[in-house]
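User: Could you take me through the fold of this protein chain, beginning with whatever terms are needed to read it?

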Amino acid sequence: MGIIKQLDKRTGITYVYESKAYWDKEKKQSRAKRTLIGRIDPETGEMVPTDGRHRKTEDTKEKEPDYKKLYEKLQKKYEAQEVLIKSLKAEIKQLKAK
């Protein structure tokens, strides 16, 4: 098992893989199984872990939530519930009147 650094020439990003060697019985050759574990940060030179799909992990993102968007989303949900409550109350009145 070893650590391999590989440069992607198209993007210029260096990825870090964990390589595990195994013996292929059919071809009678040694083969390697690679697993992505991160990428090299060009500014610091340190490895930044990824989730294996060339995306940064949630730990490394450290973004502040957008409270304005959250508030607007909750406000819309609240307004939709109010409209639903009013329509249900009107429907209950109609059913009681019959």
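Analyst: Before turning to the sheet, one term is needed: two strands count as paired if DSSP finds at least two bridges between them. The model discussed here is a predicted one.

User: Which elements does the protein chain contain, and in what order do they run from the N terminus?

Analyst: The secondary structure of the protein chain comes to two helices and four strands. Read from the N terminus on, these elements follow the order β-β-β-β-α-α.

User: In what order do the four strands lie in the sheet, and which are the edge strands?

Analyst: The four strands form an open sheet, with antiparallel pairing, in the order β1-β2-β3-β4. Pairing on one side only is what marks an edge strand here, and this applies to β1 (2-8) and β4 (47-49). On average, and with direction ignored, neighbouring strands of this sheet are turned against each other by 55 degrees. The edge strands asked for are thus β1 and β4.

User: Which residue in β4 is the bridge partner of G38?

Analyst: Strand β3, which covers residues 29-40, pairs with β4 in the antiparallel sense over three bridges. For G38, the bridge partner in β4 is P49.

User: What percentage of the residues of the protein chain count as buried?

Analyst: The accessible surface of the protein chain comes to about 9,300 Å², and 53% of this surface belongs to carbon and sulfur atoms. A residue counts as buried when its relative accessible area is under 20%. Of the 98 residues in the protein chain, the share that counts as buried is 13%.

Notes:
Residues are numbered from 1 along each chain as its sequence is written. This is a predicted model: local features need pLDDT of at least 70, side-chain atom pairs count only at pLDDT 80 or more; totals for chains, interfaces and linings use all residues. Side-chain values use heavy atoms; hydrogens and water are left out. Buried means under 20% relative accessible area, exposed over 50%, partly exposed in between (1.4 Å probe, protein chains only). Accessible areas come from the Shrake-Rupley method with a 1.4 Å probe; for residues, only the protein chains shown count as cover. Axes are lines fitted to C-alpha atoms, for helices over the stretch in contact, and angles run from 0 to 180 degrees between N-to-C directions.
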